[in-house]
Amino acid sequence: MLSLVIFLPVVAALVLIVLPGLSDRLSRWAWVLVTLVDFALLIGMWAAYDVPAAGFLAYEERLEWMPSVGSSYHVGVDGLSLPLLLLTAVIFLACAVYALKERERPRQQAALFLFLQSASLGVFAAQDLIVFFVFFDLSIVGMYFIIAGWGHGNPARSALKFFLYTFLGSLSLLLGFIGLYVGAVPHTFDMVELARHPALQNAPVAAGFVLAAIVIGLAIKTPTFPFHTWLPPAHTDAPAIGSVVLAGVLLKMGTYGFVRIAMPMLPDAWRSWAWLIVIVGIVSVLYGALVALAQTNVKRMIAYTSVNHMGYIVLAVGAAGVVSDSSEQAQQVAITGAVVQMVSHGLVTGALFLLAGVLYDRRESYDLSAFGGLAAPAPRYAAFFAVAAFASLGLPGFSGFIAEFQIFAGSIGTVPWSLLALPGILITAALFLRASQRLLTGKPRGLSVGFSDLKLNEVLSIGALLVMSVIIGLFPRFLLDLIEPAASVVVNLVGR
Amino acid sequence: MELGSDTLAVLPEICVLGGAIVVLLLGSFLPRGRQALSRLLAVLALLASATASAVGMTGPAMTVFEANYTVDAASGVARIVISLATVFVIVLGFSELAETPRESETYALLLLASLGAMVLAGAGDLLILITGYLLASIPLYALIGMSRSPRAAEAALKTYLLGALLGITLLVGVTVLYGVGGTTAYVQLGRALASAPAAAVAAGLVGVLAGLMFKAGGVPGHFWVPDATQAASTLVAAFLTTVPKVGALVAAYRLVDLIPATTDAALLVGILATAGMTLGNLAAFWQDDVRRLLGWSTVSQVGYLLLPVAVAGGSDLALPSLLLYLAGYAATNLTAFAVVAALPHHRTLVDYRGVARIHPWLAGALVVSLLGLVGTPPTAVFVGKLTTLTAAWDGGFAWLAVIAVINSVASLFYYLRWLAPMFARTPAVPRPQPMSNAAEAAAPSIDRRPWAAWSAMAGAVAVLILGVLAGGLLSIVGAPLAH
């Protein structure tokens, strides 16, 4: 079942590529249909999901692949991966709906996005380091072609920078994985085994180096300060739906790696270096917010708020590694908040990037100062942008509030210095309010004159993402019940 | 061991030798227009050789002809890869060769050179190693010079001079090893060298390895590779960057494996690997001719391939990873050359601008092969790189793994310099060309080079399948060397 969910999109992509004479219109609808079916399958899996015992998985599948190097095709889900699988399916569905009006090579675009969807689902379902790496690397390849093939501005250059930078990260990750393999007795790449019997327990120096390789690889992907420089150009030049997938899904692979790989597999090293992670998290929060404040390009601004939002997650996972007496409750809250933040950021930033894409679609500009008073010609657009902005700054009632509240409650409970990151929320609020004001209020001027409002497919795709953010914000229990057991497993693994 | 069964064990080599002789004789008598028969015979001889090797691999590992020659998993895989790679080379070169008057001679030389590579891979004695070296080298000089352009003549001369020079160091190295070990047979040499002076063993090893690096096209014997790749015909370029490497690297592995611990052979090979990866990549960075770029890329690939050689005997994964990487590399590199062969008028990176619009399938094959050479999953070289890195780390060479990873990232840059323009939305600006060439370039060349295009597609599929099925292959090639 899980493999079907993972591979259905890529099979559909092959069909789209191979079948000759498929019309553009048909391929666009086929894309929507496949993402819809995949999403429905995942909903079904969620409905039938039983919380597995600590250290075990639901929907587990295992197939021999490379027995002589201890690697198998091993997939499965738990409370950490299922929310991200669902997020992936939602984001890609929204992209497919948004792209129903695409004019530029829609068939190839649909195939590429379906391929990327399989790779992304694979990353979150993988329970073997090599399988994880395979999908992780393929997601980079897919994204490269999306930016290079459908981007604007200077796409070739941005795509190259994206590919080189994140490829460096993925190979650093691979080195770390090999280190784990060589350090494990018996040698294995199996994630479940490695979490159960951590490698390199008695070799703190080697464990430190392996952790460094893994953390650098994940930090580049996340991205955290100071490894974030590839992100703004990639986002600025990517097509709207490319940015959505990049921010909504691909960045989560980095943060997911922290809770899935780095923390449970190298608990001693993680505890020793947690203070450094906390510092990186705080710096990312503040730096991302401050730089975002200085942007005049909408897309660059949203990109830098991603650095800020990812910083909260890094802060939370770092704080969860600082073990003190009776801090277990706080640690669990921090991890739960981190996972909720992954989902929340995916939904809200996805919506924001789609809204930015609408600007470019109508006027080929992202310049904040070129627009003004959009509320008059495009009231729906204005309403959606305002809602997305409030959701992103963490207003109560939206998913971001639940996430950030938990992250701060958990982090400050273990590391009081986490307070330093609080101004990040204030700055984000300021920059979103200012951006909304510039863009939406006042008399229509500049490029806003004659701006046509959102079309049905845009309303549906952006609206769905925002509605889900509101649902999580108002009724978070259904999501928290899924995440909390898995978060407590991670806390126990790090604390041992 | 009896002579009869010994002869049976080298049936794959006999098939290739017999094929070479028959093709050469046939070519002398057949009229120009009817050389298709010799082509067919060459392919059949190679396929028979591959089949015989595969059957032979089901038997136990052993040494034959009084331990002068080795028949084990390593030589079995090498023989299969060499013969299938040569078949692939012949197929991708069909149309290119049909235009030249020297078709049969080319086949005969290809067969002899691949026989030389097989002998290198199987050699269990330093004297056999010399034979293999000469047999693999001499046909190559002729093959490079065959395209008869001034550049090809220069490349052939360069190759010949370097081959002669490093052939002499090979001979000196063998002499030194024989002098201190008292034997040339690997079986006794390993034990004899343990009590020999370490400095002399090191000197002999350096000499022999220098010769093998010429054959493998690795640093320091690499100077001929970019020139020959650029100047020779595409099928010869594909051949000389693939097949000799297989023989030379397996030979290097056998040699390093028998050097006693008193000499730090691993460090020497590690340094050669580092130099090869780094130099090959740096030199490939700003190349504009696609063949030259591929030539430098193969120099860097030898660097990665030397990782398992460095830890020969030090990790269980060393030999399987080397063989897997060799097989994957052969398929991937040949696929890239098949694309080059299918687009004969696209010589520089600029020419490839917008190619994806006109030839989407060839562009796809090139993406698979070039990203494969970087080591992107799920291609064959990815599993090769993964296992060689693991073997290197396992054998105590974690630093070498780090260097290989950094080099892989660097290599991505120049492969992308080639790939990225292909998907550009605007095609290349036509450059002033001689009249006949311009007319040819305007016509879709895929129609005129269907064999090369189809082999590119088949190669790309093989690269992916090899990557996915690598696990099964690893357990097949997991057997240790025969001693």
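This is a predicted model: local features need pLDDT of at least 70, side-chain atom pairs count only at pLDDT 80 or more; totals for chains, interfaces and linings use all residues.
View 1. A:A111 belongs to helix α4, residues 106-125 of chain A (helices are DSSP runs of H or I with at least four residues, numbered from the N terminus). With a relative accessibility of 5%, A:A111 counts as buried (buried: under 20% relative accessible area; exposed: over 50%; partly exposed: in between; 1.4 Å probe, protein chains only).

**View 2. Salt bridge between A:R380 and A:D453.** The two side chains meet at 3.3 Å, N to O (salt bridge: a side-chain nitrogen of Lys or Arg within 4 Å of a carboxyl oxygen of Asp or Glu). This pair links distant parts of the chain, 73 residues apart: A:R380 is in helix α14 of chain A, and A:D453 is in the loop between α16 (423-440) and α17 (456-474) of chain A. A:R380 is partly exposed at 43%, whereas A:D453 counts as buried at 14% relative accessibility.

**View 3. Salt bridge between A:D481 and A:R477 in helix α18 of chain A.** The closest N and O atoms of A:D481 and A:R477 are 3.2 Å apart. These residues are separated by about one helical turn, because they lie 4 residues apart in helix α18 (residues 477-495). A:D481 is partly exposed at 44% relative accessibility, and A:R477 is partly exposed at 42%.

View 4. Among the lining residues are A:F167, A:L171, B:F382 and B:K385. Helix α19(B) gives the largest share of the lining, 4 residues. The lining comprises 9 nonpolar, 2 polar and 1 charged residues (nonpolar: Ala, Val, Leu, Ile, Met, Phe, Trp, Tyr, Cys and Pro; charged: Asp, Glu, Lys and Arg; polar: the others, Gly among them).

**Notes.** Residues are numbered from 1 along each chain as its sequence is written, and chains are lettered from A and ligands numbered from 1 in the order in which they are written. Local features need pLDDT of at least 70, side-chain atom pairs count only at pLDDT 80 or more, and totals for chains, interfaces and linings use all residues, while side-chain values use heavy atoms, with hydrogens and water left out.

Technical notes:
On a 1 Å grid over the protein atoms alone, a cavity is a set of points where a 1.4 Å probe fits but cannot get out, and a pocket is an open set with protein on both sides within 12 Å along at least five of seven lines; lining residues have an atom within 4 Å of a point. Helices (H or I, at least four residues) and strands (E, at least two) are DSSP runs, numbered from the N terminus.
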